[in-house]
Protein chains: 8
Amino acid sequence: MVNRHMQDIRKLLENVQDGSVKIDEALQKLKDLPYKDIGIAKIDHHRELRNGYPEVIYCEGKRVEHIRQIVEVMLEKGNNVLATRASREMFEAVKEISETAQYHEVPRLITIKNKEIVLSDSVIAVVTGGTSDIPVAEEAAVTAEMLGNKVERVYDVGVAGIHRLFGNLDKITQAKVIIAVAGMEGALASVVGGLVDKPVLAVPTSVGYGASFNGLSALLTMLNSCASGVSVMNIDNGFGAGYMASMINKL
Amino acid sequence: MVNRHMQDIRKLLENVQDGSVKIDEALQKLKDLPYKDIGIAKIDHHRELRNGYPEVIYCEGKRVEHIRQIVEVMLEKGNNVLATRASREMFEAVKEISETAQYHEVPRLITIKNKEIVLSDSVIAVVTGGTSDIPVAEEAAVTAEMLGNKVERVYDVGVAGIHRLFGNLDKITQAKVIIAVAGMEGALASVVGGLVDKPVLAVPTSVGYGASFNGLSALLTMLNSCASGVSVMNIDNGFGAGYMASMINKL
Amino acid sequence: MVNRHMQDIRKLLENVQDGSVKIDEALQKLKDLPYKDIGIAKIDHHRELRNGYPEVIYCEGKRVEHIRQIVEVMLEKGNNVLATRASREMFEAVKEISETAQYHEVPRLITIKNKEIVLSDSVIAVVTGGTSDIPVAEEAAVTAEMLGNKVERVYDVGVAGIHRLFGNLDKITQAKVIIAVAGMEGALASVVGGLVDKPVLAVPTSVGYGASFNGLSALLTMLNSCASGVSVMNIDNGFGAGYMASMINKL
Amino acid sequence: MVNRHMQDIRKLLENVQDGSVKIDEALQKLKDLPYKDIGIAKIDHHRELRNGYPEVIYCEGKRVEHIRQIVEVMLEKGNNVLATRASREMFEAVKEISETAQYHEVPRLITIKNKEIVLSDSVIAVVTGGTSDIPVAEEAAVTAEMLGNKVERVYDVGVAGIHRLFGNLDKITQAKVIIAVAGMEGALASVVGGLVDKPVLAVPTSVGYGASFNGLSALLTMLNSCASGVSVMNIDNGFGAGYMASMINKL
Amino acid sequence: MVNRHMQDIRKLLENVQDGSVKIDEALQKLKDLPYKDIGIAKIDHHRELRNGYPEVIYCEGKRVEHIRQIVEVMLEKGNNVLATRASREMFEAVKEISETAQYHEVPRLITIKNKEIVLSDSVIAVVTGGTSDIPVAEEAAVTAEMLGNKVERVYDVGVAGIHRLFGNLDKITQAKVIIAVAGMEGALASVVGGLVDKPVLAVPTSVGYGASFNGLSALLTMLNSCASGVSVMNIDNGFGAGYMASMINKL
Amino acid sequence: MVNRHMQDIRKLLENVQDGSVKIDEALQKLKDLPYKDIGIAKIDHHRELRNGYPEVIYCEGKRVEHIRQIVEVMLEKGNNVLATRASREMFEAVKEISETAQYHEVPRLITIKNKEIVLSDSVIAVVTGGTSDIPVAEEAAVTAEMLGNKVERVYDVGVAGIHRLFGNLDKITQAKVIIAVAGMEGALASVVGGLVDKPVLAVPTSVGYGASFNGLSALLTMLNSCASGVSVMNIDNGFGAGYMASMINKL
Amino acid sequence: MVNRHMQDIRKLLENVQDGSVKIDEALQKLKDLPYKDIGIAKIDHHRELRNGYPEVIYCEGKRVEHIRQIVEVMLEKGNNVLATRASREMFEAVKEISETAQYHEVPRLITIKNKEIVLSDSVIAVVTGGTSDIPVAEEAAVTAEMLGNKVERVYDVGVAGIHRLFGNLDKITQAKVIIAVAGMEGALASVVGGLVDKPVLAVPTSVGYGASFNGLSALLTMLNSCASGVSVMNIDNGFGAGYMASMINKL
Amino acid sequence: MVNRHMQDIRKLLENVQDGSVKIDEALQKLKDLPYKDIGIAKIDHHRELRNGYPEVIYCEGKRVEHIRQIVEVMLEKGNNVLATRASREMFEAVKEISETAQYHEVPRLITIKNKEIVLSDSVIAVVTGGTSDIPVAEEAAVTAEMLGNKVERVYDVGVAGIHRLFGNLDKITQAKVIIAVAGMEGALASVVGGLVDKPVLAVPTSVGYGASFNGLSALLTMLNSCASGVSVMNIDNGFGAGYMASMINKL
């Protein structure tokens, strides 16, 4: 992105040099290009340039009609769309303007696929401690898929019954990056990090009660992991994990 | 202890009934018996009645001369003594009044053995995540030994290298109670609790830095353990774990 | 459980040795045995091998239809079932597939008794500070009963009116293990631990307001107990206390 | 104090009315009277008017030479002086300007008695959970004595050995106000509050380790006390408790 | 209360001595007297012995039918009743069994006056920072009145407009005890404590938003008050403040 | 305000001097003037004296009928009114007594303009990180406008897409004061503070999830800003920022 | 600063246009100008352009020899220097290279005045609650003076003795901006904010003990101030307050 | 590592099958291979198999003589060694047994290079906000170098002076992975994450004071980053960041 910027500025300087662009115009262009203002929110289009990258909206706390307006602008460009933390009501509104829109009930995602997505050869494994962690794991998995990654799901293999994890180790070992999703004591990330020699993105979830303090316990556990090769996302941030894993998977 | 109280009161009532004890005297006795006042601290002797149970002093924040005075009173009864969180300076002072006193450098304990300690047949396993957890583990282990328990030490088997733990599982499995001592992410207790069908006393330690927040991270991890059969002691409370494990081991 | 594992592996090695099992098959078996995958959650059956041990489901955050599916798989084996944190709606769904299912309103438990439960001779005492702590206490008590333990309930004997506690001390003293359930300042565990020479499992509850911070106050109180022989469960974790107490009671 | 203010203002108004005081002078006087500026700190003298009330200095973080200067100004008036959180070095400096100065090693107090202190008939009881709480308790006790109260000390009667408390209940019951000083789990205040029908000022101390979080645990316990008639001071605030108890004792 | 106990025990001993009471009977009596078990909760009657003292129920988290049962038992004795944190629905249920029951909407209290309450001569002042603090203040005020105290209400005089406080200082100064109720920054207690030479019971409220953290901010402010003569209740604990103030007012 | 007080007191003293006001009357007046008591809340009128300053009500937790009563008193004086954190229901009630009342849906404000507001020449810039921060930003912006300031809105220019911020820098640079509103990581204030040489009032918002801890994360970020010229308001305190910015803008 | 940037870029574009600067050169210049790299730290010189503005170094955690090197570079330009959180040892090293360097013991500042500082007509008042807050207050005051502001110091006028504050109100009222510095309960800012109609920059200090939690209590108090016109700096951030106050004072 | 395990087990099974290994021997081997016990700590050698990977020791809290013993065992194998959080005293002890040992003063690291390290073509950029963050950054950088990565250091480019960051953007953009190290408000990671399309490992540092709460502020900021492609390490965990970055760089 920055490189593109540098090239744009160089081109602009060249245009200034050859007189085809005036100075005031040049100053103006520096501010205008990379976003488009629709009044409610400024939408970046620069990511569309990468193959198959979808536009992303975080729906929490936004109004249904705004979601609809934002999606409309996105669709004009023919891009794929990924809407996170979306209610069914938001989906109904989006459905009216895009027939191909799909709702993923468990992770509360809307996806619209207008361009075909070519999947990577290498795999991202998404692993959860329990069944209650699946909504966050699915947010990560679907995000990674929308970004063009093959995903292997290995759910409900938490450390309290560690033989389950061992029974699935080969699937995890064959991945290039691992997303470990766990609430309560969140020890899964450390155990996986100790067993497998791949980068582990740890996602604490708010699953639990009492002294889990809405995910704080799992968060601290993961930050203090004594296994090397573990880094941590915000509590319940499945999207961020999917995005970061995709970045690493495609390096 | 309570039963002894009840018998004492019954005996007192009988003495009141047969006139051998006067009422004011009876009221007075109810308040006097179970402790002795030496001005600085009130020392309980009732535990000496159990075979081989030592008197215990928590030394942190006490003055060297007070430690000495308290030990002196204890020794009069011929009991064994266990002093926790004791500095070497305190040991020197105690050494002057008891030749048999020993100092345990790592867990900072003073022990005085005046009565022989008969060890249990069943075993308490003390397990640690890392080498830095050993001081707390030794406080637990020596406490358990002073209370008459056979102890199996299994140190440095944390979850980041889980094969170490598996290599020692039979030692752990053969114990009747397990003390799991770990700092940083504290996942050891959950993993052990998931593998072994014995009560696990989890002791978080203040080992770590940053977001370990002086043991808070390990404490929360252990409280949120998804393995059943795990309960938790205060941070760095090796003594408490040794005492509780002994209670359970001798049931 | 671990011992059974070890025996299984030995048998497998013997079969490999005598040629009755092929190597690939052997590698495969190591991963397959101890659980069964129904897509939603992996259910452990290994606990059914212990007499009368129920299968356990934690219902919070699960969907009604999943609860039903999981219970269905469990019932195939003819085991007893204990479902914790279950809503009445979940019970209605379970009732349709099991006539013997019972709902415990106060602790929000579903129990299904298909095998007779033989109770222990020794007793677990469940003690509460106030009446508001009873839901958590009942979760502990019913859990312990489902696991085959005789339970003595001593409710509403908190330290603000300590004579109530004294009036029930003999019941508490006769137990082999004590579960002390209290919210607000949570001092009950310390007082009971100081009076009775038995292991005390302290369960802080989220009962209270203001600076109770949803159970944090009681949790810290119990962790800092100056009485020996007290260890602590997560806030509101009645199930965990019942399970751990059963483990100790049956040693 | 406020009443005295009101009278002063009335007198001033009368003087303005009869012309004996000019308006600018009156405005000036409103701002000048109740304190004297020595550059470093503004010292209130208004409390000297109450019989035997000492001047008070909080020494923490102040420089030795400033303590000395402040005490010098105080002594000019012939008042008694109480300096809290004072180091021995500060005492040595004060000793040079006042022969009657005394140092209380344990609570780190300096007292100077220039006027005789008449003690109250009614008693303030100062109770502690352990021996480590004594420094804070002595700060409370000596403060109360300097303010003219009879003090009954009942130390080391914490709830882990509740029979010690019962053995001293009559001393506590006869007091008009009770100061309950405890660290670790801080349950003492609740138990005393439940037993005795007198106002209890609870002082949490920073005694403890791990999850005592420097007194936070005891503080929360005391704030959540289910016993009525308990209110709470800052952690380690012995002086505040002594002062407040004196106020109540002299009502 | 303890004194009454002591007299009871003395009488019992005398009866044992003269043979009018048997020993087993005596042991039994020690446990039976001071409470009555109705299955749901153990109700103390000993406080009815003090003139006009009401029975108190804390309703939060209790069921409507239990409230009703508890009140029924209380009414049998003809005592006054004070129910705190009561919903209107609870009031309707109580109304059916007691025509004189009154509901106080703002502080959510039910009061039943069966015995006349004689008010004290001395006054308790209840002061609030803002209008949103009034529910907690009224809980304190009505509690104090039910306990037989004259109450002076001075509301909405917070420090942001300190002239309002000065305009009401004489009312506050004439009180024997002051209850200062404030949320947000909670500075009211310090300012009142600095102005008036009477004991101040500070009650932080959960009024505020953002960094008030549900009353934590006001709580810390009050605990750290640099004014002497201030002690602190739990957040929103109007009842506790009213009770403690009554205790002090009647000394 | 204080100067006006001083003049009032001087005038009063002069009246006392010339006998036109009696002393008791003078004492009384000192307490009466600056507010008017309507039973529910004490309303300050002194701010109306400044040109165009509105009366302000904080509606959260107040009852609809009280809001109405308070507004009624305010309207008697013909002042402008600003009601914050107001529900639509409150607006409906106010609308009945003031036809010119307007409801601002997004920031939940009611405004009533009875006097014309003359806007300042200099500008306050209100900048947000995302679109979810707009409600708080609008509370600040409308408050500033009601207080007579010209406001420039620059929304959705957060640091994750820093080119958006650069594209709007000239608008921000031309302001006299800047209000920077951001949730989640709250870095906007630091970046703006580093770029622009004007005072920045940073307002953390509760926007975010997980480790944003309801605005705590943004609050800490802003307090720790390494840019000079940044000070911080309470979480979500748009009103406070608008008021403080107005104060600075009009110096 | 931003405006200067814009002008620089315009000039650069003009040079590109007229061919006097090549494109690669232009791209290079965009990155080079505004700082100078000395290996250890990048020093900004752009602030020297404002009259009398000093260069600033934050010394905490830096090495003595680095401080010296940084100051050397600064002195080459002939600017004034302000070094905060500086030890005496650092001062000695600086003294060797600058004879005019001065050390301010209390706030731990080094100042070097090479250019004359012209003071503003308007005044910044720096107010403290107690004497222990003076080091932070002096950091603010000296910073403001180095930045060319007249400063009025009003120390030790905390709310516990509010008459002291009233005795100094005219000094505070005459200032254009007020810095309120207080630890412990930090109520000073609210009271000042309620009394004076000027912007108040509140600086919490880490003065206090126990539940002051190193300044957290004062910080929360100030953030929750119910007085309008108060914004908050980081704990102990006297420098930041002096800088921000100077910015406002010179608008 | 796991794959190697699987192959080892397969080989073992084959040996059991062909009779060359006995069953008991086979069971024993499963536990023995991957570590060597030296009494103090169990050292893993399995990592030496990867080219140039050093053995790693975390020195904090270990004794000097233990460090020496551990290093001795490591050197026997001829591996490179990296010791983190090492004091100079530890270095002196290590120096005695290895002449090639080097001490890195700033990040407190000991490195021993016995095997040549071949550097990667791709680059890891290590970026810091301020100069005080350099020790943590150097821990990351040297770790990455010991693991065979080319490292580009870009220090002191924090967001308060964002033009410094822009002046170095090309260096950062050309890296394959970026480590962003920052204390105080920690906004650097978000800004870098927003500008550069590469994975960013964010390392909060404990640099700062007051409300930085020893790195908590920076930690929360980074977890809440609104830029995608940012994941977070523990506070001050430079080693972990270097290790994880190396893993990603070598994928």
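Which strand order does the open sheet of 4 strands in chain G have? The order is β3-β4-β6-β5, with mixed pairing.

This is a predicted model, in which local features need pLDDT of at least 70 and side-chain atom pairs count only at pLDDT 80 or more, while totals for chains, interfaces and linings use all residues. Residues are numbered from 1 along each chain as its sequence is written, chains are lettered from A and ligands numbered from 1 in the order in which they are written, and side-chain values use heavy atoms, with hydrogens and water left out.

1. **Sheet of chain G.** Helices (H or I, at least four residues) and strands (E, at least two) are DSSP runs, numbered from the N terminus. Two strands pair if DSSP finds at least two bridges between them. In the order β3-β4-β6-β5 of chain G, β3 (55-58) and β5 (102-104) stand at the edges. Each has a single partner strand, so one side of each lacks a neighbour in the sheet. Neighbouring strands of this sheet are turned by 15 degrees against each other on average, direction ignored.

2. β4 (residues 81-84) and β6 (residues 109-112) of chain G are antiparallel, over 3 bridges. Val81(G) has Ile112(G) in β6(G) as its bridge partner. Helix α5 (residues 134-146) of chain G packs on the sheet and touches β4, β5 and β6 of chain G. The direction of α5(G) makes about 15 degrees with that of β6(G). Helix α4 (residues 88-97) of chain G lies across β5 and β6 of chain G, at about 20 degrees to β6(G). Axes are lines fitted to C-alpha atoms, for helices over the stretch in contact, and angles run from 0 to 180 degrees between N-to-C directions.

3. **Sheet of chain H.** Chain H has an open sheet of 4 strands in the order β3-β4-β6-β5, with mixed pairing. Its edge strands are β3 (55-58) and β5 (102-104), each pairing on one side only. The twist averages 15 degrees from one strand to the next. β3(H) and β4 (residues 81-84) of chain H pair in the parallel sense over 4 bridges. Ile57(H) has Ala83(H) in β4(H) as its bridge partner. Helix α4 (residues 88-97) of chain H lies across β5 and β6 (109-112) of chain H, running at about 15 degrees to β6(H).

4. **Strand β7 of chain C.** Buried means under 20% relative accessible area (1.4 Å probe, protein chains only). In β7 (residues 123-128) of chain C, 6 of the 6 residues are buried, so the strand is largely enclosed by the rest of the structure. Val123(C), Ala125(C) and Val127(C) point one way, and Ile124(C), Val126(C) and Thr128(C) the other. β7(C) runs parallel to β8 (residues 150-154) of chain C, joined by 5 bridges. Ile124(C) stands opposite Val151(C) there. β7(C) also pairs in the parallel sense with β9 (residues 177-182) of chain C, over 5 bridges. Here Ala125(C) faces Ile178(C).

5. **Strand β7 of chain A.** 6 of the 6 residues of β7 (residues 123-128) of chain A are buried, so β7(A) is largely enclosed by the rest of the structure. 5 bridges join β7(A) to β8 (residues 150-154) of chain A, and the two run parallel. Ala125(A) stands opposite Glu152(A) in β8(A). The chain crosses from β7(A) through helix α5 (residues 134-146) of chain A to β8(A) in a right-handed β-α-β crossover. Right-handed here means that, with the strands pointing away from the viewer, the path from the first strand over the helix to the second runs clockwise. 5 bridges also join β7(A) to β9 (residues 177-182) of chain A, again in parallel. Val127(A) stands opposite Ala180(A) in β9(A).

6. **Helix pair in chain E.** Helices α3 (residues 64-76) and α4 (residues 88-97) of chain E pack at about 35 degrees, with axes 9 Å apart. Contact means heavy atoms within 4.5 Å. Residues of α3(E) that meet α4(E) include Ile67(E), Val71(E) and Leu75(E). Among those met in α4(E) are Met90(E), Ala93(E) and Ile97(E).

7. **Helix α8 of chain F.** 8 of the 8 residues of α8 (residues 188-195) of chain F are buried, so α8(F) is largely enclosed by the rest of the structure. Among them are Leu188(F), Ser190(F) and Gly194(F).

Conventions. Buried means under 20% relative accessible area, exposed over 50%, partly exposed in between (1.4 Å probe, protein chains only).
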